[in-house]
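Please keep the sequence and the structure in view while reading.

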Amino acid sequence: FGGGGESTSPTTCTEFDFQLNASLSQSLSQSSINHPSPQQAALAELRDMLSDVGDITLQQLLFQTKYDVNAAINLYFDGGAGPQQGQGGAPPPSLARQAPPPPAPAVRISVTAHEAEMFEPGAPEQHLMLVGYIGSGFSGFQASQDDNVKTVQGELLKALHRVGALPHYDTTDCYMSSRTDKGVHASQLLVQVPMHALRSGKKQAFLAAVARRLKDNGSPRIRVFDVMHATGRLGGGTTGERVKRVNSRQLCLSREYLYVLPAFTLEPIKGGGSRLDDIVNIANKYSITNLTLATAFEVLRLFQGEHDFGAFTLAGRRGEYAAEPSGTRRHIYVCEAQQVLQGRVQLVVIRIVGDRFMYHQIRMMMGLAMLALQSGVDAKTLFDEAFTGDPRSFKIPLAPAEPLLLSKLDFQVEQWLAAFVAGAASGPASFEKDEVIPHVRQKCTGPIAEFVQSLARDSALCKASHRGR
């Protein structure tokens, strides 16, 4: 994993990195030499037998073998931390405690001593992290079973593991307030993960260490803005119930997304331009009028309210959502053109606020809006068909992921959680303004131009099917 070691043995990060390095060594220095604990005595005995091996390696061997000195020596020579087979092999058990072994290369450990000092000893406890990321290059947030698939969650957990916050890399006990599609960005997202508690005053050092690990692993565009110990927090409103896990997805009242569109997409392309180069040229020269912006505003408002969005997700996921109490119904509080961004290409920022969103829902909402605006058909009729018709027979185009970002989370139902998010708000706000939005502005025009080009056939079919209505 890299880190603060000196050689290249394939030892992985285990609990010894933080538990023993931070607690056993401390107890050795504080306890009376005349009354050593069994663990101290085992370390002293193993130090005598393996006099050329550093204490950190000895502590690892003892932890892995539950302080059995014989087993620790055998593990050392069997390849756990010492020479591999073919380079000396394991000594016979009868000789294991005789002459000291020949010098062996030191073990590279993944957690440096500086990092290990950040954590309290003991079992992991629930923590909340506020994170943000630029999603380009990632296959969504949620970790994949395929190690070759790069995800935000996977890279974040690897970084936490490598600084010593996690005893092992495990994606099964990590929860998040929202999940994003491949290529979608987030200015703030709440992640819950069981990790070792931080020592007092070590939070900033921890955040800096995680940032270094992410950068070293090729993921500098993942940011951890803040972390909070969450075990024992009050749950369930005012019931006073102590919870082991904070269900941030259920506690989040609403999520606010932004979708950044080149302004030319909000009305039919004049001159019949259908070639990609023609569309890009139109985008570069286009300037939106107040009338076009007002028309787009009215179309987008048709999404507001509670509707059945069953047609706005993949067919294979409808059954999963249908099993929920609310089924595929979702409530959209706001859907509007928020602002116009001037630049080489004029852009319009669409703001979408809702209680929850299904897989691909917002991208299909934007796809349907652009289809209505490009085709010129009656948008209300088109939207009513999408909300009330058979979702199996109503195909909605999927808009690109690159212009979409998760901007804000609302946790007002739990004041302590809302205070945590608000307290770190300057980090996500600066990240969105200085990094996410500029990235989206640079990347969104090409995918949107290709999408508009693909809408030409859908627009023709849409006009034909609604002719005379």
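## Phe312 and the core around it

In this predicted model, Phe312 touches Phe303, Tyr359, His360, Gln361, Met364, Met365, Leu368, Ala386, Phe387 and Ile396, when residues up to four places away in sequence are not counted. Phe312 also belongs to the largest nonpolar core, a set of 114 residues, where it is one of the members that touch the most other members, together with Leu160, Phe206, Phe303, Ile352, Met366 and Leu368. The element that gives the most to this core is helix H12, which spans residues 361-375 and supplies 10 residues.

As general background, nonpolar side chains in soluble globular proteins tend to be buried together.

## The protein as a whole

The protein contains 16 helices and 11 strands, and of its 469 residues, 49% are buried. Among the contacts with a separation of 6 or more, 76% are between residues 24 or more positions apart.

## Helix H12 and its partners

Two packed helices are described by the angle between their axes and the distance between the axes. For helix H10 (residues 290-301) and H12, the axes come within 10 Å and cross at roughly 135 degrees, which means that H10 is oblique to H12. The crossing in which H10 passes H12 is right-handed. On the H10 side, Thr295, Ala296, Val299 and Leu300 take part in the contact, and they meet Met366, Ala369 and Leu373 of H12; by class, the residues of this contact are six nonpolar and one polar, with no charged residues.

Helix H13 (residues 379-388) also packs with H12, at an angle of about 150 degrees and with the axes 10 Å apart, and H12 passes H13 in a right-handed crossing. Here Leu368, Ala369 and Ala372 of H12 meet Ala379, Leu382, Phe383 and Ala386 of H13, and the residues of the contact comprise seven nonpolar, no polar and no charged ones.

## Arg363, a buried residue in H12

Is Arg363 buried or exposed? This residue has its place in helix H12, and because its relative accessibility is 10%, which is under the 20% limit, Arg363 counts as buried. Leaving aside neighbours within four places in sequence, Arg363 is in contact with Asp181, Pro397, Leu398, Ala399, Pro400, Ala401 and Leu404.

Gly137 is found in the loop between strand E1 (125-133) and helix H6 (152-163), and because its relative accessibility is 66%, Gly137 counts as exposed. Although Gly137 and Ser219 are 82 residues apart in sequence, their C-alpha atoms are 9.5 Å apart in space.

Asn284 lies in helix H9 (residues 276-285) and, at 31% relative accessibility, counts as partly exposed. When neighbours within four places in sequence are left aside, Asn284 is in contact with Arg344 and Val345.

Key. Residues are numbered from 1 along each chain as its sequence is written. This is a predicted model: local features need pLDDT of at least 70, side-chain atom pairs count only at pLDDT 80 or more; totals for chains, interfaces and linings use all residues. Side-chain values use heavy atoms; hydrogens and water are left out. A nonpolar core is a set of buried Ala, Val, Leu, Ile, Met, Phe, Trp, Tyr and Cys residues joined through side-chain atoms within 4.5 Å. Buried means under 20% relative accessible area, exposed over 50%, partly exposed in between (1.4 Å probe, protein chains only). Helices (H or I, at least four residues) and strands (E, at least two) are DSSP runs, numbered from the N terminus. Contact means heavy atoms within 4.5 Å. Axes are lines fitted to C-alpha atoms, for helices over the stretch in contact, and angles run from 0 to 180 degrees between N-to-C directions. Angles under 35 degrees count as roughly parallel, over 145 as roughly antiparallel, 65 to 115 as roughly perpendicular and the rest as oblique. A crossing is left-handed if the near helix is turned anticlockwise from the far one by less than a right angle, and right-handed if clockwise. Ala, Val, Leu, Ile, Met, Phe, Trp, Tyr, Cys and Pro count as nonpolar, Asp, Glu, Lys and Arg as charged, and the others, Gly among them, as polar.
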